[in-house]
Amino acid sequence: MPPARKSNKLTRKELQQLKEYGQLDPLGATGAENDLDEMISKAINRRGQGRFSGVIPLDDEKPRGRGRGRGHGRANREGIDRHSSSRTKHALAPNKKQKKEKTDAYTKLLKTLSASTKSASNQNAIVSDEEDEPSTDEDVEMHENQETVPLSDDDMADGDGTLSGSQTEEQVYEIDEVEQDADESGDDEDNSSNEDDGDTEDLVDAKASGDFEKIEVCEEHDYMGSHFAEDNSALMHEKLAAVTQKGYKQVPIDDPKLGTAILFDVANGGIKPANPKPLKQKLVKPFQKLNKKDGFTDFQRGLFNWMDQYRDVVYAGRNFEKDDEITTTYTLHAMNHVLKSRDREKKNNTKLSKAHASGTDAGELRDRGFTRPRVLIITPFRNSAHKIVEKILKLSSADQEINLARLNKEYGPGENDEAESKAHKRKPVDFQQTFAGNIDDSFRIGIKFQFNTVKLYADFYRADIIVASPIGLRMTTGAQKGDRKDFDFLSSIEMVIVDQCDVLLMQNWDHVSHIFECMNKTPKKDHGCDFSRVNNWFLEGMSEYRRQTILISEYMTPEIQAIFNNNCRSIEGKVRFKPVMQGAIADVVAQVSQIFKKLTVKRLVTAADDRFAHFTQNVLPELQRSAVNDKHTLIFVSSYYDFVRIRNYLRDKGFSFAAISEYSTRTEAMHARLDFYNGDIQFILYSERAHFYHRYPIKGIHHMVFYSLPDHPLYYSELVNLMLTSNDETASSAQLSCTAFYTKYDQLKVERIVGTRLTPQLISGDRSQYTFA
């Protein structure tokens with residue numbers, strides 16, 4: 001028998017138990033004034049179809065055992081519908097203990113994202129994200145004729161009866177006391193039979209007509225939902241005006257874990273608190289397993305909070321100690337974005353299906369772009385791509401991973417790669433880590449999420465995430481200027497992540513710039529697009545202002561700064577982290593005077609010509625005179641264009657020299673180093689890319705000349721220390737010299753070498769020469 005009640009109004013406990021027993025629509029065909037006994041009877045009679053799963057199956061369809069969040073359905077004990085093997089582990093609803101474990105795990109993770117303690121009601125609002133399967137086009141089609149009530153109980157009301165952050169007074173329903181212990185509901189539910197039509201209790205009255213409106217209100221508190229919302233408000237126009245006119249308000253930030261930063265704020269958004277709905281609950285346990293701890297590290301928490309605000313992020317403090325933390329953080333962010341986006345499409349499909357069934361107009365439901373790919377991850381080598389894809393697979397926790405064997409074969413380390421890795425034992429640690437495994441730099445791979453399956457090597461137009469190298473994408477989008485091949489698949493990118501920018505600079509940065517030029521352009525073909533579902537900002541050509549750009553590098557360079565200035569245009573603003581530099585000069589152990597000479601240049605566009613003129617007219621003649629007595633001079637050039645220019649000049653003037661670039665064979669490099677050590681040539685010309693790819697231990701250096709400072713600060717200390725480690729005992733410190741040339745436009749390079757504290761003195765000081773001993 002149903003519990004005795006003091007009024008005809010539904011209590012929270014009564015309604016919740018109704019939901020546990022069957023599919024319940026309190027405001028269904030019989031109206032809002034349903035008698036409680038009739039509703040209980042109606043709910044129990046439906047038990048054979050399975051406990052409420054969030055999807056009302058049609059007469060000719062089997063009920064789905066998978067629901068949304070805590071609204072899972074419990075099938076009848078005797079007539080449960082067993083699903084296919086790929087989905088069996090999700091078919092049965094978790095019991096209360098399992099639900100509590102999931103909530104505890106999610107709450108524990110959320111505590112790592114925010115230092116402040118949240119109240120119980122706030123945590124209930126946070127743990128309202130559902131654990132859904134990754135939805136795909138096939139998954140979406142399956143739901144077109146089905147209805148869902150996707151809001152969970154905890155979303156509708158807090159446990160203490162107070163208003164949650166997503167509720168209004170109209171959404172809180174009256175609660176009457178019942179003369180029965182609440183614990184009995186669980187026993188009645190587990191032991192009930194069809195003979196007793198009254199053993200039900202508990203459910204919050206969820207007005208069916210307001211379900212979807214409440215979902216939208218709840219999503220407004222999610223930074224992703226607000227960022228991608230169809231918003232035509234005055235605030236949105238203010239943000240667009242600030243971004244297009246570069247009217248940013250610069251706010252300095254000092255983060256103890258991420259370092260110093262500058263926030264380029266728009267519309268006085270300021271520093272935002274942690275996202276109240278940061279993660280899909282489906283990702284919590286896979287992330288904890290991948291991260292090997294219950295929550296975020298302090299570093300990950302800070303980085304993820306900035307990414308989760310959908311601001312453009314440039315972090316120029318990457319190193320190999322932080323590499324795993326950084327990669328895990330942005331792959332988690334990318335997966336979270338894809339799953340939330342697909343869930344939004346699933347909800348809108350449900351709205352359309354419900355409106356079609358009732359003969360009403362669902363209105364505009366825009367939730368996608370022109371093409372399917374949403375996330376683009378750019379990385380330099382296959383070894384790093386292999387790590388990224390492996391993390392994505394672990395986070396997806398899929399039952400089936402298609403083409404995994406092919407991935408391991410083509411991207412994993414081979415026998416030759418392992419042999420080369422062993423040969424690199426004498427190289428510096430950063431070299432061993434960069435070039436460990438497969439270092440092929442031409443690749444591209446699409447990743448598609450379909451039900452509980454992940455398909456690798458998916459066609460780009462059917463993929464959700466694309467992982468590629470710059471040259472791999474360039475071969476697809478067009479190798480020459482004006483030669484359009486195909487880059488329509490980049491038209492709807494909502495998040496682009498460029499990792500290891502410092503390594504990409506040693507390849508060809510023009511390919512990276514070309515990719516940014518091709519992104520978020522109106523496609524030439526429709527590719528089967530449903531334009532009624534395309535977001536307005538895509539149709540209006542404004543999608544680049546919704547795209548989030550994340551750049552990860554060991555240091556800041558003018559090329560990265562150019563992308564930050566010209567291509568990072570998120571309406572949420574952007575932030576640039578650039579840690580304080582201690583200076584690579586502190587790592588120099590050779591007892592040699594290091595002279596920094598500032599060159600006077602007129603303009604940035606003529607800086608390269610002014611440097612070359614000074615070198616050929618003033619420096620080279622002096623070096624040639626000193627080479628009569630001492631021929632062991634190494635000339636280091638960071639830019640390959642300058643390298644070619646100086647090489648051609650030395651060749652035309654008949655200088656005795658050898659050149660080592662990244663294109664030199666090992667035999668050529670070996671002969672050049674041997675001739676230099678024996679004194680058979682006057683100079684050796686050495687490029688930064690050659691040092692990056694080979695780290696040749698050049699012996700016999702007495703005079704080091706930096707035509708231009710290296711981009712990587714570590715190379716400066718390595719090369720200067722070669723003067724000590726590669727000379728015989730006859731070379732004294734008095735015979736050694738080191739001279740470096742720089743201009744006022746080399747501020748970033750100077751800062752990495754001499755340190756942040758001394759940089760203003762070298763750049764703005766009156767003196768033209770500074771000596772470090």
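## Close-up views of a predicted model

**View 1. The buried residues of helix H11 in the predicted model.** Helix H11 spans residues 234-244, and its buried residues are Met236, Lys239, Leu240, Ala242 and Val243. They share one side of H11, because they cover an arc of only 160 degrees around the axis. The arc is that of the directions from the helix axis to the C-beta atoms. An α-helix has 3.6 residues a turn, so residues three or four places apart point the same way. Lys246 follows H11 and has a positive phi, near 55 degrees. Buried means under 20% relative accessible area, exposed over 50%, and partly exposed in between (1.4 Å probe, protein chains only). Helices (H or I, at least four residues) and strands (E, at least two) are DSSP runs, numbered from the N terminus.

**View 2. Packing of helices H15 and H16.** Two packed helices are described by the angle between their axes and the distance between the axes. For H15 (residues 382-396) and H16 (residues 404-411), the angle is about 155 degrees and the axes are 10 Å apart. H15 is therefore roughly antiparallel to H16. From H15, the contact uses Arg382, Asn383, Ala385, His386, Val389, Glu390 and Leu393. From H16, Leu404, Leu407, Asn408, Glu410 and Tyr411 take part. Contact means heavy atoms within 4.5 Å. Axes are lines fitted to C-alpha atoms, for helices over the stretch in contact, and angles run from 0 to 180 degrees between N-to-C directions. Angles under 35 degrees count as roughly parallel, over 145 as roughly antiparallel, 65 to 115 as roughly perpendicular and the rest as oblique.

**View 3. Ala334 in helix H14.** H14 covers residues 323-358 and includes Ala334. Ala334 counts as buried because its relative accessibility is 1%. Not counting residues up to four places away in sequence, Ala334 touches Val375, Met495 and Ile497. Ile392 is 58 residues from Ala334 in sequence, with a C-alpha to C-alpha distance of 8.8 Å.

**View 4. Asp642 in helix H25.** Asp642 belongs to H25, residues 640-652. With 14% relative accessibility, Asp642 counts as buried. Its contacts, leaving aside neighbours within four places in sequence, are with Val637 and Tyr707. Ala608 and Asp642 are 34 residues apart in sequence; their C-alpha atoms are 8.0 Å apart in space.

**View 5. Asp711 in a loop.** This loop runs between strand S18 (703-706) and helix H28 (713-725). Asp711 counts as buried, at 17% relative accessibility. Beyond its neighbours within four places in sequence, Asp711 is in contact with Met506, Tyr555, Glu688, Lys749 and Arg752.

**View 6. The whole chain and its confidence.** The protein chain has 773 residues, of which 56% count as buried. It holds 30 helices and 20 strands. Mean pLDDT is 76, and 69% of the residues reach 70 or more. Over residues 19-93, pLDDT is below 50; this stretch has 168 contacts in the model beyond near neighbours in sequence. Residues 115-220 also stay under 50 in pLDDT, and the model has 263 contacts for them beyond four places in sequence. pLDDT is the predictor's confidence in each residue, from 0 to 100. Where pLDDT is low, the predicted coordinates should not be read in detail.

**Notes.** Residues are numbered from 1 along each chain as its sequence is written, and side-chain values use heavy atoms, with hydrogens and water left out. In this predicted model, local features need pLDDT of at least 70 and side-chain atom pairs count only at pLDDT 80 or more, while totals for chains, interfaces and linings use all residues.
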